[in-house]
Amino acid sequence: MTSITMTRPDDWHLHLRDGEALAAVVGDTARQFSRAIIMPNLRPPVTTTEQALAYREHILTAVAGAGVAAERFTPLMTLYLTNNTSAEEIRLAKASGHVYAVKLYPAGATTNSDAGVTDLLGHCTAALEALQACGMPLLVHGEVTDPGIDVFDREAIFIDRVMVPLRRAFPELKVVFEHITTREGAHYVRDAEGPVAATITPQHMLYNRNALFTGGVRPHWYCLPILKREVHREALVEAATGGSPRFFLGTDSAPHARGLKEHACGCAGCYTALHAMALYAQAFEAVDRLDKLEAFASFHGPDFYGLPRNTDTLTLVREETRVPDELPFGNTTLVPLAAGESLAWRALVDTATA
Ligand code: DOR
Ligand code: ZN
């Protein structure tokens with residue numbers, strides 16, 4: 001096979017930041033994807049509909065600045081759930097027509113999560129009831145934050161401590177278990193009853209935790225939830241490529257300046273927006289399942305969210321392409337995942353806007 005033309009994909013989990021960082025990265029996503037679910041973990045976090053609408057305007061301006069026509073890319077906004085999010089705020093979000101989901105960050109779990117939730121069923125039942133009633137998905141960063149729990153076990157323990165009680169209390173609530181990284185996560189979503197789905201990143205399909213330490217500590221492979229053992233990678237590949245509508249594409253592309261990754265206390269996040277579809281193609285081809293890529297990237301996400309599938313296309317060509325060593329990022333630079341390595345596929349993006 002030398003090329004694949006598929007329904008244009010969407011990215012159901014993306015960090016765009018704001019200001020100069022946003023301007024530097026948004027074109028990479030907008031040239032490949034039609035829509036993206038925009039994460040709200042800015043500083044300060046996007047906790048109200050009013051803030052989400054203002055942030056959306058920044059994104060649309062940045063898309064135009066990147067030379068991509070406005071109708072080519074739609075940001076799907078989210079709110080950041082706090083202990084104080086009201087049912088009224090959820091209803092306002094739904095009524096805005098631009099907010100598509102609410103994101104749960106357990107307080108302290110990851111980048112800019114200090115304003116997150118400390119006790120989901122203790123503080124957030126009014127917001128969860130409103131979400132369930134209006135059919136808006138709750139997007140979950142699924143890791144416990146208990147420092148006594150090993151960092152590699154935090155997702156599996158989250159299932160028992162938070163996910164199961166949440167879904168027992170709100171069985172009709174749509175839940176997306178974001179960026180799953182374990183066999184336990186994949187099997188939970190595969191087997192659970194009710195409206196539950198999961199996003200899977202390219203890094204968790206391509207690498208196991210050895211990638212963090214090959215030849216020394218490699219900070220550009222550090223993200224949260226952290227890469228796990230090979231058995232978990234294999235379970236994620238099986239989930240993503242198996243054709244189940246419960247699994248769909250979410251890159252979790254999360255840009256950080258080079259100096260903040262290559263640091264004594266480096267930030268979590270892999271930058272994959274530039275070459276996202278090439279990375280996924282590499283992972284699907286490795287198990288001979290390229291025929292399942294379109295459904296994972298372009299069908300299962302909109303079907304779960306209750307949105308129409310895209311009608312235009314994206315073409316990937318089989319052409320060895322070297323991932324750049326670094327990219328401009330405001331007044332600094334950014335190192336993409338797999339910098340300097342070769343990928344077998346390349347997305348044909350509109351060169352007039354590239
Ligand atoms: O690696 C990560 N980076 N995981 C997250 O949950 C947040 C993200 C970020 O915002 O940088
Ligand atoms: Zn994320």
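**A chat about a ligand and its surroundings**

Reader: Where is P44 placed?
Author: P44 belongs to the loop that runs between β3 (35-38) and α2 (49-65). Helices (H or I, at least four residues) and strands (E, at least two) are DSSP runs, numbered from the N terminus.

Reader: What kind of model is this, and how is it numbered?
Author: The model is predicted, and local features need pLDDT of at least 70, side-chain atom pairs count only at pLDDT 80 or more, while totals for chains, interfaces and linings use all residues. Residues are numbered from 1 along each chain as its sequence is written, chains are lettered from A and ligands numbered from 1 in the order in which they are written, and side-chain values use heavy atoms, without hydrogens and water.

Reader: Back to P44: what is the peptide bond from R43 like?
Author: The bond from R43 to P44 is cis, and its omega is near -5°. In general, most peptide bonds are trans.

Reader: Which residue is joined to P225 by a cis peptide bond?
Author: L224 is joined to P225 in this way, with omega about -5°. P225 lies in the loop between α8 (202-206) and α9 (230-241).

Reader: Which residues are closest to ligand 1?
Author: R17, N41, T110, L224 and H256 are the closest of the 13 residues that surround ligand 1, where a residue counts if one of its heavy atoms lies within 4 Å. The shell consists of four nonpolar, seven polar and two charged residues. Here Ala, Val, Leu, Ile, Met, Phe, Trp, Tyr, Cys and Pro count as nonpolar, Asp, Glu, Lys and Arg as charged, and the others, Gly among them, as polar.

Reader: What polar contacts does ligand 1 have with R17, T110 and L224?
Author: A side-chain N or O atom of R17 is 2.8 Å from an oxygen atom of ligand 1, and a polar side-chain atom of T110 is 3.0 Å from an oxygen atom of the ligand. L224 uses a backbone N or O atom, 2.8 Å from a nitrogen atom of ligand 1. A polar contact with the ligand is a pair of N or O atoms within 3.5 Å.

Reader: How much of ligand 1 does the protein cover?
Author: The protein covers 100% of the 290 Å² of accessible area that ligand 1 has on its own, by the Shrake-Rupley method with a 1.4 Å probe.

Reader: What about the phi of R17?
Author: R17 is not a glycine, yet its phi is positive, about 60°. This residue is in the loop between β2 and α1 (19-30).

Conventions:
Polar contact = N/O pair within 3.5 Å; in protein donor to acceptor, adjacent residues only side chain to side chain.
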